[in-house]
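Here is a short briefing to read alongside the structure. Keep the viewer open and follow the topics one by one.

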Amino acid sequence: MNRFVDEVVLQLSAGHGGAGSVSFLRAKYKPKGGPDGGDGGRGGDGILVCKSNLKTLSHLAIRDRVAARDGEPGAGANRNGRAGQNARIDVPPGTIVSDHQSGERRGELLEEGEEKVLLRGGRGGRGNAYFKTAHNRAPRFAQPGEPGEQLTARFELQLIADIGLLGRPNAGKSSLLRALTAARPRVASYRFTTRTPYLGVFRRHDRDVVLADVPGIIEGAAQGAGLGTTFLRHLARTAAIAYVVELGSDSAVESYRLLERELATYSPELVAKPRLVIANKLDLDPEHMELSEFRRVVENSLSNTRVVAVSTLTRSGLEDLRTMLLQTLDEGLER
Ligand SMILES: Nc1nc2c(ncn2[C@@H]2O[C@H](COP(=O)(O)OP(=O)(O)OP(=O)(O)O)[C@@H](O)[C@H]2O)c(=O)[nH]1
Ligand SMILES: [Mg+2]
């Protein structure tokens, strides 16, 4: 399954501990043998494992529960039960797991190979052999196993990118990702071509910069219009945001304001990140009439906001753009 899934709720349970055994040695000629009930085995843990070959949570969306195995009960002749097998749950880097009911964050996995025990299996119960004392040489009781931990877990994926591309549909975000990186998202002349986030990497001064192309946002996106704003979660980890507007239809200023507005409604933290403004489709504004006006408005409204003009069609301005993206990233990393 290749669907892009970035949110899943799953019922998770660790294994219960096995019960301790009540047993007495029964050997010929030894009618009153001592207690020999073994301990139960511990229940398996629920463990998260970070796997960088995974890019989405779609492999978890097809299940509704994951359970580790219970420990086996103890038995006579002091035999201890075997421990239950752990449940290992693979997740992509950038996964956050929280308690679905309380919202409490329970874990976050960022790097390949990282593991986290999310739920502990129950301890096995002691068998009756353990309870033998001078006063009670033949205990007729043993401990039950402890229950394993349970959790209704919410898995949320936040992609790991340095800079997010934010823009209205058709502004040319995917074209930019194609022009700057080896990523190959679809580009088309209709709105909402991109329906799921897409990552691309470019190299500059021996550093890798990861860009995230997310679906376009429209007026009212924060209230769910268009594809809504839930995919903006993938901008949460970025150090900076690049606003992409298109020249050529006299809508650049209005677009910019709309992006700011929708982003502010979604998350004040995202608006506060360092930003770069990319005016794309410069080829459609050959006299730079719209560009000059756009620059004037944007650079006046926020003193340290820079505007870079490019055309992915003619490839003009792309070198400057790479340099400025790196500068903006560094600004974000210094904070
Ligand atoms: N003239 C011109 N057209 C461009 C330029 N960049 C992109 N386009 C065109 O604009 C249209 C939209 O480009 P996309 O890259 O798909 O836009 P997007 O922002 O990813 O759009 P959504 O995925 O729908 O949000 C396509 O027809 C592109 O060919 C440019 O620099 N100049
Ligand atoms: Mg696109």
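Strand S1 (residues 7-13) and strand S8 (residues 150-157) run antiparallel and are joined by 7 bridges. Within this pairing, valine 8 faces phenylalanine 155 of S8. Please keep in mind that this is a predicted model.

**Domains**

**The five-stranded sheet**

- S1 and S8 belong to an open sheet of 5 strands, whose order is S3-S1-S8-S5-S6 and whose pairing is mixed.
- Its edges are strand S3 (65-67) and strand S6 (105-109), each of which pairs on one side only.
- On average, neighbouring strands of this sheet are turned by 25° against each other, with direction ignored.

**The three-stranded sheet**

- Another open sheet has 3 strands in the order S4-S2-S7, again with mixed pairing.
- Strand S4 (87-91) and strand S7 (115-119) are the edge strands here, and each pairs on one side only.
- From one strand to the next, the twist averages 30°.
- Strand S2 (residues 46-50) pairs with S7 in the antiparallel sense over 4 bridges.
- One residue pair to look up is leucine 48, whose bridge partner in S7 is lysine 116.

- How many residues of strand S9 (residues 163-167) are buried? The count is 5 of its 5 residues, and the strand is described as mostly covered.
- In a regular strand, side chains alternate between the two faces of the sheet.
- For S9, one side carries Ile163, Leu165 and Gly167, the other carries Gly164 and Leu166, and all of these are buried, leaving both faces covered.
- S9 runs parallel to strand S11 (residues 207-213), and 3 bridges join the two.
- Leucine 165 has aspartate 213 as its bridge partner in S11.
- S9 also pairs with S12 in the parallel sense, over 5 bridges.
- In that pairing, isoleucine 163 stands opposite alanine 240 of S12.

**The largest nonpolar core**

- In soluble globular proteins, nonpolar side chains tend to be buried together.
- The largest nonpolar core in this model has 62 residues, and Ala242, Tyr243, Ile278 and Ala279 touch the most other members.
- Strand S12 (residues 240-246) is the element that gives the most to this core, with 6 residues.
- Because domain 1 (1-157) and domain 2 (163-334) both give residues to this core, it lies between them.

**The shell around ligand 1**

- Which residues come nearest to ligand 1? Of the 24 residues around it, they are Gly172, Ser174, Ser175, Thr194 and Gly216.
- Helix H2 (residues 173-180) gives the most to this shell, with 3 residues.
- Sorted by class, the shell around ligand 1 comprises 8 nonpolar, 12 polar and 4 charged residues.

**Loop residues worth a look**

- Asparagine 170 sits in the loop between S9 and H2.
- Its phi is positive, at about 80°, although asparagine 170 is not a glycine.
- Is asparagine 170 exposed, partly exposed or buried? Asparagine 170 has 19 C-beta neighbours inside 10 Å and therefore counts as partly exposed, since the buried class needs 20 or more.
- Aspartate 250 is in the loop between S12 and helix H3 (252-266).
- Aspartate 250 is a residue other than glycine with a positive phi, near 55°.
- With 12 C-beta neighbours inside 10 Å, aspartate 250 counts as exposed, because that class takes in residues with 12 or fewer.
- Serine 316 is placed in the loop between strand S14 (306-309) and helix H6 (318-334).
- Serine 316 has 14 C-beta neighbours inside 10 Å, so it counts as partly exposed.
- Serine 316 and alanine 182 are 134 residues apart in sequence, and their C-alpha atoms are 18 Å apart in space.

Technical notes: Residues are numbered from 1 along each chain as its sequence is written. Chains are lettered from A and ligands numbered from 1 in the order in which they are written. This is a predicted model: local features need pLDDT of at least 70, side-chain atom pairs count only at pLDDT 80 or more; totals for chains, interfaces and linings use all residues. Two strands pair if DSSP finds at least two bridges between them. Axes are lines fitted to C-alpha atoms, for helices over the stretch in contact, and angles run from 0 to 180 degrees between N-to-C directions. A residue is near a molecule or strand if its C-beta atom, placed from the backbone, lies within 6 Å of it. Ala, Val, Leu, Ile, Met, Phe, Trp, Tyr, Cys and Pro count as nonpolar, Asp, Glu, Lys and Arg as charged, and the others, Gly among them, as polar. A nonpolar core is a set of buried Ala, Val, Leu, Ile, Met, Phe, Trp, Tyr and Cys residues joined through C-beta atoms within 7 Å. Domain bounds come from an automatic or database domain assignment.
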